Amino acid sequence: MAEPVLQVRSESRTTVGLESEAVVVGGIAAVLGGAAGAIAFAGSAPPIWGGWSIGLLAAIVVVVLGVIASYVGYWRARHLTGQEWRLTLPPWKFILDATNVAAVHALIAGIGTIAGFVLLSLSFRGVTLDGWVAAVSVSAAAGLSAYWIYLSVSKIDTGKLSMLLVLFISITVLTSMATASDPLWWEYHFSLLGTLGDKSASLFNISLIIAGLLVTTFSLYLQRDIRALFDTGVLRYRWSARTISTLFIVMGLMLAGVGAFPLNVNATMHNICAAGMSVAFGLLLLASPLVLRGMPWTFFAVTGGFFAAMVGSVILFAVTGYFNLTFFELVVFIIIFGWIATFIRFLSATVAQAQSETAA
């Protein structure tokens, strides 16, 4: 009877230790952010947002310190309960996964910081802040972001990664759309966002590259989860893990290629990558009933719904002309990432249920 108690206490100490580490990391980031703010705004009265402002410095500090906090948290969490699989990764896979996870967390925190300071500037118009208040503001943004990032990367799993992917791509693409220098970009096509030659175009292309690389890292998580389902007898075929992970790698590389080759840089490569991503996604939908045989029937029903939505959007664009090119591309974009999020949540829930039944 003593062994389960010791195990619970050990896990409790691990959880408390992680929380303590996150607080320490957040505190260090707060100190560094405050120091950066004090040096940058000494003797001045910076605006909350606009030009060289508190919000801009805070976003820069959050991204830089967020990347560092993410790397440290990812590395230290490799011995945590449920994260030991990181120890089995080859060095290049470990570095690739850690880099993609760090980039996504840092950019989400950075864009969130910008949004927060923009809203504050609109809420307190005409307010003038001195250098000390500016330093405290940067300190708070850096500390809170580093704290969240450290905890998130330490407990990252397939389900959380899918949520971060959807959140990341939604935030960055919407930001690019809202800040595009051509307000009528939507009259042409979605890819025009990456060709405008402004900051929004850079954000759009970089976000596609990072999102594509993040999709490829799903192969690490998916392969592990799908193998676990095969080992517990839920799935029928051992090759399911390799097939699904390979299709995700192809789809991720093609998505990254769309961002790496904007339409005005290399139209041929851009179109090849866009078509390749669509083909890989179509194969995922069509192969799922066979490759993932054993998953809940509701998952296949939802997959059928996504496939029907894809076919319907093609008809509304190519046959009836009801959708213009931009709206068609946006709908397909939503369908792809919506299915990825749905698939991974179903997969995570199925793995958890299978493991609990095995343990019982």
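**Figure 1. T88, out in the open.** T88 is exposed at 64% relative accessible area, where exposed means over 50%, buried under 20% and partly exposed in between (1.4 Å probe, protein chains only). T88 sits in the loop between α2 and α3; helices here are DSSP runs of H or I with at least four residues, strands are runs of E with at least two, and both are numbered from the N terminus. V64 is 24 residues away from T88 along the chain, and the two C-alpha atoms are 28 Å apart. A word on the model behind every view: it is predicted, so local features need pLDDT of at least 70 and side-chain atom pairs count only at pLDDT 80 or more, while totals for chains, interfaces and linings use all residues. Residues are numbered from 1 along each chain as its sequence is written, and side-chain values use heavy atoms, with hydrogens and water left out.

Figure 2. With a relative accessible area of 5%, A69 is buried. Setting aside neighbours within four places in sequence, A69 is in contact (heavy atoms within 4.5 Å) with V25, A146, I149 and Y150. Take I149: it lies 80 residues from A69 along the chain, yet their C-alpha atoms are separated by 6.8 Å.

**Figure 3. Two spots on helix α3.** T113 belongs to helix α3 and is buried, at 9% relative accessible area. Not counting residues up to four places away in sequence, T113 touches G55, A58, A59, V62, A141 and S145. S121 is also placed in α3, which runs over residues 91-123. S121 counts as buried too, at 17% relative accessibility. Its side chain reaches the backbone oxygen of V118 at 2.6 Å. That pair falls under polar contacts: N or O atoms within 3.5 Å where, within protein, one must be able to donate a hydrogen and the other to accept it, and residues adjacent in sequence count only if both atoms are side-chain atoms. Beyond four places in sequence, S121 is in contact with I48 and W49.

**Figure 4. Helix α6 and its bend.** Helix α6 covers residues 199-231, and its end C-alpha atoms are 48 Å apart, which agrees with the 48 Å that 33 residues should span at 1.5 Å a residue. The expected span is 1.5 Å times one less than the number of residues. Look for Y221, where α6 bends by about 30°; the bend is the angle between axes fitted to the seven residues ending there and the seven starting there. After α6 comes G233, with a positive phi near 85°.

**Figure 5. G259 in helix α7.** G259 is part of α7, residues 240-260, and is buried with a relative accessible area of 4%. Apart from neighbours within four places in sequence, G259 is in contact with N205, L208 and I209. T298, 39 residues from G259 in sequence, is 34 Å away in space, C-alpha to C-alpha.

**Figure 6. The one cavity.** Searching the whole structure turns up one cavity of 30 Å³ or more. On a 1 Å grid over the protein atoms alone, a cavity is a set of points where a 1.4 Å probe fits but cannot get out, and lining residues have an atom within 4 Å of a point. The largest cavity holds about 40 Å³ of space, the volume being the space filled by probe spheres set on grid points joined across faces, edges and corners. Its lining is made up of V215, M251, G252, L255, M277, I336, F337 and I340. Helices α7 and α10 (325-359) each supply at least two of the lining residues.

Note on methods
1 Å grid on protein atoms, 1.4 Å probe; cavity = no way out; pocket = protein on both sides within 12 Å on 5 of 7 lines; lining within 4 Å.
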